Amino acid sequence: MAEEYTLDDPTLLLHDASDFAHLPGVHSDASAKAFLDRFPLPVIINCSIQPTSGSEEIRMFHVLFSWLKSVLQTKADVPGVESTLVACLDRIFSTKHGASLIPQYMPFVQVGLRADSQVVRCLACKTVSCLLENFDENTVPAAQLIVEYDIYLLLLDCLINGNEQVATASMEAIKNLAGSSKGMEIVFPANGNEATHLRNLAARCSSLGRVRVLALLVKLFSISNSVASVIHNSGLLNLLETEVHNTNDTLVTLSVLELLYELAEIQHGTEFLSRTTLVQLLGSIISNTSMESILRSRAMMISGRLLSKENTFMFFDESCVKTVVSLIDERLGSLESQDADECESALEALGQIGSSTHGAELLLLSSPPAARHVISAAFDRQGHGRQLAALHALGNISGETRPENKIMLNNEAEEILQHLIYESASKSPKLTPSGLFLSVLQQDAEIRVAGYRVITGLVARSWCLIEICSKQEIVNIITDAHTETTKMDGLQWPWLILCNLAFEDWYTLFHVFEMDKIVSRDDNKGLILGEPLVSSYFFGGVGKEGVWNVIQLLISFQPTHLGDSFSSSSSSSCVVGKEGMEAKYNCCKAIHWFFTSSSKLASDPALTGIAEKLQEAVKRGPYLARKLQEAQPVVMTAERF
């Protein structure tokens with residue numbers, strides 16, 4: 001006979017659920033199973049909906065669902081019940097074991113997707129994602145369950161009518177659904193008159209709903225080349241162009257331009273966007289002086305990103321690219337100091353176009369060369385943001401982001417690049433390029449990072465290498481271990497650890513941790529990760545296996561002090577994640593490499609000191625500002641008396 005369950009006192013369940021939900025790290029299948037096993041049976045009696053069959057753990061899982069449904073529908077007055085149970089279920093579904101139980105409770109997923117509570121709707125959307133991500137081939141196909149329970153229509157409703165978190169979770173679920181062939185048939189129905197067809201959905205939505213549908217299209221477009229092809233062939237990309245043409249609502253237009261900016265970043269996007277009139281549309285916005293400045297700025301940025309890839313000229317006609325460059329050049333010529341933000345966007349767009357070899361050559365060989373604006377602004381200290389954008393753009397044009405075999409341009413472009421830099425120097429009080437470089441490196445940290453990038457790219461040219469070596473002050477700054485203090489963001493720390501681990505450099509590993517305050521030192525517990533306390537390991541004697549555990553924790557755990565730093569972008573998109581220490585070290589390595597490759601400079605006795613400084617700085621690495629020192633007692637013996 002089936003045992004009856006109910007929950008008169010939710011305190012114990014809430015306590016266990018809260019502990020489970022907030023336990024640091026990623027839950028394993030074993031931990032999810034253990035949670036269901038130790039669910040307190042004494043407090044579960046007379047549940048309104050009973051399981052008719054299945055194991056005891058499925059019964060427990062059923063109780064969680066049933067109680068959540070009951071509590072949320074009756075609005076039980078239990079503080080924190082909704083958030084606690086939702087967080088707990090979310091962690092359970094994130095495991096394969098939890099996801100394997102979802103097919104048995106699809107009616108509850110339906111209830112969740114229709115719930116008044118936005119938190120519950122968000123959980124239901126995430127549950128669908130978990131079902132699709134952890135699909136077991138031995139069970140009923142996930143796409144079949146989606147159809148049987150009309151889940152897709154409910155997901156679309158969450159997309160249009162849910163809050164921001166619900167809409168985001170819904171998009172992710174639909175993206176996961178479109179990742180399979182059966183799911184593609186649901187998301188892109190053959191019958192264009194279907195109510196769920198995205199074109200029809202967008203037509204009957206509010207402006208906010210349309211923007212969300214377009215955001216879903218961009219997310220789907222990013223899945224694969226085949227999905228992008230379906231979107232293009234169905235004419236859905238035209239929805240984006242149509243919305244940009246509609247200038248009645250500046251905020252909507254700006255939102256759609258942001259989506260186009262994301263679309264332009266997708267690797268296979270260039271091929272399909274080249275078949276549309278998007279570039280012509282962007283050109284018309286850039287040249288339209290009656291439009292809002294922010295719209296022109298975004299149009300320039302999208303153009304720059306779209307035309308920045310090495311394969312750009314395989315799909316876009318060169319005359320089309322030249323037209324865009326010409327329009328940006330004209331805007332820069334007319335702007336001067338009128339609109340700083342638009343000027344910075346134009347400079348960054350040119351830098352993006354110049355990041356490819358062909359693009360850099362086009363900027364230098366156009367008549368007059370569009371790169372002249374970049375070089376002029378890069379060494380002009382009148383506007384900080386303008387100079388910063390120009391320096392990063394010049395770093396791209398000079399080849400800092402390109403592979404070593406693609407740094408150099410054709411002879412004519414190289415001559416123009418050299419001429420423009422020497423011309424800029426001659427018009428300044430510095431008189432020489434080395435004077436310009438030194439001036440940049442003597443400014444604030446942001447400008448210095450951009451300056452390091454410029455030198456890293458330009459030093460591949462013999463004339464620039466000679467200029468650098470002729471100025472001892474430049475070498476001193478670049479080789480000084482204490483010049484920079486900022487490092488790359490938290491997401492890259494595991495890779496740094498692995499690099500240090502490969503060399504068995506325990507001191508470096510510990511020192512780097514201390515500098516970023518990711519760990520603290522405790523004499524009794526060893527290394528302690530993050531805050532609150534997550535785990536601890538003894539620093540000495542753990543071997544590679546122990547440090548690997550630390551690495552695994554770092555990968556799975558985001559220390560609270562990092563916040564959202566890893567998700568934000570810097571002022572220049574080309575240098576996200578590259579900070580002062582790394583930029584300076586890369587610059588130092590580049591100078592050292594080309595210096596040692598030049599037999600003429602390497603054999604010059606007058607430059608021996610420079611060679612030694614470069615060698616020492618490269619050997620030291622980017623992070624070790626101090627050498628290994630013996631530990632010293634805090635209190636000397638004599639001081640105790």
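Reply: Helices (H or I, at least four residues) and strands (E, at least two) are DSSP runs, numbered from the N terminus. The expected span of a helix is 1.5 Å times one less than its number of residues. This is a predicted model, in which local features need pLDDT of at least 70 and side-chain atom pairs count only at pLDDT 80 or more, whereas totals for chains, interfaces and linings use all residues. Residues are numbered from 1 along each chain as its sequence is written, and side-chain values use heavy atoms, with hydrogens and water left out. The protein has 36 helices and 3 strands. Helix α26 (residues 411–426), with 16 residues, reaches 22 Å from first to last C-alpha, close to the 22 Å expected.

Me: Which residues of α26 are buried?

Reply: Buried means under 20% relative accessible area, exposed over 50%, and partly exposed in between (1.4 Å probe, protein chains only). In α26 the buried residues are Ala-413, Glu-414, Leu-417, Leu-420, Ile-421, Ser-424 and Ala-425. They lie on the same side of α26 because they cover an arc of only 135° around the axis, the arc being that of the directions from the helix axis to the C-beta atoms. On the other side of α26, Asn-411 and Glu-415 are exposed.

Me: What covers the buried residues of α26?

Reply: Contact means heavy atoms within 4.5 Å. The cover includes α23 (357–365), α24 (371–378), α25 (384–398), α27 (433–441), α28 (445–458) and α29 (462–469).

Me: How is the packing of two helices described?

Reply: Two packed helices are described by the angle between their axes and the distance between the axes. Axes are lines fitted to C-alpha atoms, for helices over the stretch in contact, and angles run from 0 to 180 degrees between N-to-C directions. The axes of α27 and helix α30 (residues 472–479) come within 9 Å and cross at roughly 35°. Ser-434, Phe-437, Leu-438 and Leu-441 in α27 meet Glu-473, Ile-474, Ile-477 and Ile-478 in α30. The buried residues of α30 also include Val-475 and Thr-479.

Me: Which residues have the most contacts inside the largest nonpolar core?

Reply: A nonpolar core is a set of buried Ala, Val, Leu, Ile, Met, Phe, Trp, Tyr and Cys residues joined through side-chain atoms within 4.5 Å. In the largest core, of 165 residues, those with the most contacts are Leu-198, Leu-220 and Ile-328. A second, separate core of 12 residues includes Leu-14, Ala-17, Cys-88 and Leu-101.
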